[in-house]
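Hi,

Here is the structure I promised to pass on.

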Amino acid sequence: MADSEETKGSILRNAWGNVLSVFILLLIGVLAFSIRLFSVIKYESVIHEFDPYFNYRVTQYLTKNGIYDFWNWFDDRTWYPLGRVIGGTVYPGLTLTAGSIWRILNSLNIPLSVETVCVFTAPIFSAYAAWATYLLTKEVKGVGAGLTAAALLGMVPSYISRSVAGSYDNEAVAIFALIFTFYLYIKTLNTGSLFYATLNALAYFYMVCSWGGYTFIINLIPMHVLLCIVTGRYSSRLYIAYAPLVVLGTLLAALVPVVGFNAVMTSEHFASFLVFIIIHVVALVYYIKGILSPQMFKVAMTLVVSLGMAVCCAVVAVLIALVASSPTKGWSGRSLSLLDPTYASKYIPIIASVSEHQPPTWPSYFMDINVLAFLVPAGIIACFLPLSDASSFVVLYIVTSVYFSGVMVRLMLVLAPAACIMSGIALSEAFNVFTRSVKFQLSGMLDNPLSAAGDTTSGNATLQNDVAKADKPSAGDKTVHSAKERPSKKIRKKEKENIEKVPIKSKREKRLLVLPLEASVLSILLLIILGGLYVVHCVWAAAEAYSAPSIVLTSYSHDGLHVFDDFREAYAWLRHNTEVDDKVASWWDYGYQTTAMANRTVIVDNNTWNNTHIATVGTAMSSPEKPAWEIFNSLDVKYVLVVFGGLVGYPSDDINKFLWMVRIGGGVFPHIKEPDYLRDGQYRIDSQATPTMLNSLMYKLSYYRFVETDGKGFDRVRRTEIGKKHFKLTHFEEVFTTHHWMMRIYKLKPSKNRVRGKTKKSKSSSKASSATSIKKGGKRRNNPWQ
């Protein structure tokens, strides 16, 4: 009767625990979604950054024309005159996901615009990522650790930075796919279920569709499988978790047009194939060992190892033959940058020029993961107590992600889930120890208040006495034992050793887990305070640091808030004041926005697939006015757009990016040399600047008429007066400058007519040039940030 009541009580507790876990997970999902809405509340529902505008444009095309036209879409408004096949050069996961959500909502008579769906896709999938983190951590260390890790991930600033409302980039859905793929792998590893193995391959396929970072998965899982084999932890569950993933995952990945045969032809995938061969050899060895005698097994082992070595050598030879013809040995430029952090700066400046490809600083770790950086080591230690296949995987995950995040700041995004998992495990284990200690000490006080008041260690003493009593057999036990058949002396000795060992081990474990009451209560309070500080930091990061869209800038000064909407102002001017077929040249950073917002053809954009084309634009910007005009005219360019922050103090302008234009241009056209733009190794724009720098097109387009703003030409970003203040443009004319001078648009002057081999000066063209209407740009304005 008592056993049945205990069983019912246990079932009831489990039911209430499951209900409470579901309720907490719902709250975590709401938290993860709502904390990312500051950008919409403080500003407006708008797409952020640069790449999301291309994704938004592609999603618009998909919802308007359908999936088949999307796969065959040739975009002639980018990379003029080359164009771009969108369906074969884009990861379609994000676009297909948002397009499907939009179609489902419209079928339910919920008339949301495509832009609204794109804005809120990232916050929705952040909730999914938090729930996937719960599932993964639960498989490793239980429900408590899973709930804690999910709550941490829902708020971690590193993930918020790429998933706020409006951040419509591939990482918005890729992080969820990454975590969910890892969860299904661990689930398959724990259960040995072929059903979960199939789901794991499908989740990997979704990850391949979503982000190029899928190569992290297809290398991390083989590393873990190899680690398990080397440490003697091979099992049939490991085989079921890995083999279907490689076969089905590779076949499905090859169906994605942007990946194609790269799934079997590039070096990023070769590790998975090599481990695939190794695990089959190991499986064969274990199978033979189970059916043969020891003597026959030795003979078979020699044969299997010989055949395995021959197959491995043949595969290695084939791989070497495949990659030998490639100058990068089959590795992509970004992958080589991760393996050799100096590779991009030496050989591929276009990769090194991207700010998110730079290594992070130490303060950025504290900014992006905050106190989790201090909890990760404790989580790693907890994973070894005890070590399992699942816990060894998350340890390998955190180690590799720490390395890659140290090479490229963008990969802090991959570190964030691992840090949250480890921190969730650490906090959960700490709370278990402290709450168990408090519960035990309080129960000891209630049972024996006098001894508890006299001695703080009475609880431990009582526990030891109880354990000692449990070791001694009672009289009834002796009677029963004597009535039974007397076992042999050897068996009785073994049983006695086991009886002596078990209580001692239990006693030692309980000694470690029970702490003094005061220390336990104080530790719980400190952990709560630590969690509160983490929440405050995350809310601040979401509200202030990562909510501002880069296309609409704000600044606070003594006279209030200033809003800088120059980007949309310039794109609107291009859209309404230029012809539909006009070509616009700018640095590649602004290509996606120009195409999406101005609906004009661009020469280069953020895809950066053609280094020669980008080098051509960089060479034009680095050249004097006449050669630059000839380059742009050969590309049928009609307008040139530059970003200038010298008036308002905007640091991410083209002058600060100019040396990268020089380096990229010089990598293809040798007559462009970086030392020609430096004075004694220093980059200067003042009177000490080199003549090559002062006569470059970028300098002239940025500082044309700048001296008229304050009479001195003081650059508030470089904090110096410019060197060349008074000059005229001969081949370009200014047609528009935005309100705060952040965007400046110039038009190429038409080529002058020739009469008898000489250039005829046109008075009408000179008059038109001097009388050009400079809308808003000609006014004198003070710096609103001062």
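Arg36 lies over the face of Tyr159, 5.0 Å from the ring centre. There is another contact of this kind at Tyr80, where the charged end of Lys583 sits over the ring, 4.6 Å from its centre. Keep in mind that this is a predicted model.

Take Phe50 and Tyr590: their ring centres are 5.9 Å apart and the planes make an angle of 70 degrees, so the pair is edge-to-face. It links distant parts of the chain, 540 residues apart, with Phe50 in the loop between α2 and α3 and Tyr590 in the loop between β5 and α29. Tyr590 counts as buried, at 1% relative accessibility.

Trp573 and Tyr639 are also edge-to-face, at 6.3 Å centre to centre and 80 degrees between the planes. Trp573 belongs to helix α28 and Tyr639 to strand β7, so this pair ties together parts that are 66 residues apart in sequence. Trp573 is buried at 10% relative accessibility, and Tyr639 is buried at 5%.

That brings me to β7 itself. Five of its five residues (639-643) are buried, so the strand is largely enclosed by the rest of the structure. Tyr639, Leu641 and Val643 cover one side, Val640 and Val642 the other. As for its neighbours, β5 runs parallel to β7 and is joined to it by two bridges, while β11 runs antiparallel with five bridges. Val640 is the bridge partner of Ala585 and stands opposite Tyr746 in β11.

Cheers

Definitions and conventions
Residues numbered from 1 in each chain as written. Predicted model: local features only at pLDDT ≥ 70, side-chain atom pairs only at ≥ 80, totals over all residues. Heavy atoms only, no water. Buried < 20%, exposed > 50% of the residue type's maximum accessible area, 1.4 Å probe, protein only. Helix = DSSP H or I, 4+ residues; strand = E, 2+ residues; numbered from the N terminus. Pairing = 2+ DSSP bridges. Phe/Tyr/Trp six-rings, centres within 6.5 Å; stacked < 30°, edge-to-face > 60°. Lys NZ or Arg CZ within 6 Å of the ring centre and 35° of its normal.
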